[in-house]
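Visitor: I am new to this one. Could you show me how to read its features, step by step?

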Amino acid sequence: MNTRIAKHQSRFLRYPVTFGLCLLLLIMGGCSSEPKDGAVALEPLPYAEDALEPHISEKTMKLHYHNHYAGYIARTNALLKSCRIKDHDLAEVVKAAASSLKNQDLFTNAAQAWNHAFFWKCLTPKDSKPPQGRLKQMIDDSFGGLDPMKQMIAEAAKTIVGSGWVWIVQDGEKLVILPTANADTPIAYGRNPIFTIDVWEHAYYLDYQNKRAGYVSALLDNIVNWTYVGSQLE
Ligand code: MN
């Protein structure tokens, strides 16, 4: 009888202690110790590492994917363990981190992780078909055709001093070309990117050295997945 009472008492005591600890964790701003779904996931490359040759070499792709991209994912997950942001959907993490100055490191790494996963999907090794349907119409309406748009992307790439990305962003029934610096990304501002090109030096230096323009035009002329780009229109 006495042991049963003791058991009840200890159980009764255990719950407030657990509750108190949880509350303390919440107050301290810690992420839950067991993040749902584990962590932000490394997305597989949608093609083989040598599939974009000769425009992107296997050596560049291996370094870019396994060192840079995987590094951003690992750092994002490490930072998520000790922060207030509890969402494990990468785009939501980017948006939440963007709105807080305290989360600059998380923003940089999560945005870079998102940007890279998106960039992989914007490319294809299979003969890149020209834009079709609504995408083609919007390119014609916004830029006067595919070639003028490519030229604007190339110009935008030149304006980025140091690292960054060039985007095609949807603005209603129009498209705009947007260069961003470092890790910055249109999704942080609720905009809808449909295409991006990575112009950080690590994306092209081994293959093109300092010739960023050569890298940009090689990609635009040969390996853009316009079908995927069109599928990103809202
Ligand atoms: Mn990169």
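Visitor: How are the donor residues of the manganese ion spaced in sequence?

Guide: Donors are N, O and S atoms within 2.8 Å of the metal (3.2 Å for Na, K and Ca), and sites may look incomplete since water is not among the atoms. Here the donor residues follow the pattern H-x51-H-x81-D-x3-H. They are H64 (NE2), H116 (NE2), D198 (OD) and H202 (NE2), lying 1.9 to 2.1 Å from the manganese ion. H64 in helix α2 and H116 in helix α4 (residues 104-121) are 52 residues apart, a pair that links distant parts of the chain. Helices (H or I, at least four residues) and strands (E, at least two) are DSSP runs, numbered from the N terminus.

Visitor: What should I know about the model itself?

Guide: It is a predicted model, where local features need pLDDT of at least 70 and side-chain atom pairs count only at pLDDT 80 or more, while totals for chains, interfaces and linings use all residues. Residues are numbered from 1 along each chain as its sequence is written, and side-chain values use heavy atoms, leaving out hydrogens and water.

Visitor: Is H64 buried or exposed?

Guide: Buried means under 20% relative accessible area, exposed over 50%, and partly exposed in between (1.4 Å probe, protein chains only). H64 counts as buried because its relative accessibility is 3%. H116 is buried too, at 0%.

Visitor: Which aromatic residues form one cluster?

Guide: A pair of aromatic rings is described by the distance of the centres and the angle of the planes. Rings of Phe, Tyr and Trp (its six-membered ring) pair if their centres lie within 6.5 Å; planes under 30 degrees apart are stacked, over 60 edge-to-face, and the rest tilted. This structure holds 12 aromatic pairs. In one of them, the rings of F119 and W120 have centres 5.8 Å apart and planes at 40°, so this pair is tilted. Both F119 and W120 are buried. The cluster consists of Y65, Y69, W114, F118, F119, W120, W165, W167 and Y228.

Visitor: What does T76 touch, leaving aside its neighbours within four places in sequence?

Guide: Contact means heavy atoms within 4.5 Å. T76, in helix α2 (residues 58-80), is in contact with V40, L90, L106, N109, A110 and A113. A polar atom of the T76 side chain also lies 2.7 Å from the backbone oxygen of Y72 and one lies 3.3 Å from that of N109. T76 is buried, with a relative accessible area of 0%.

Visitor: How many disulfides are there?

Guide: A disulfide is a pair of cysteine sulfur atoms within 2.5 Å. A search of the whole structure finds zero.

Key: Polar contact = N/O pair within 3.5 Å; in protein donor to acceptor, adjacent residues only side chain to side chain.
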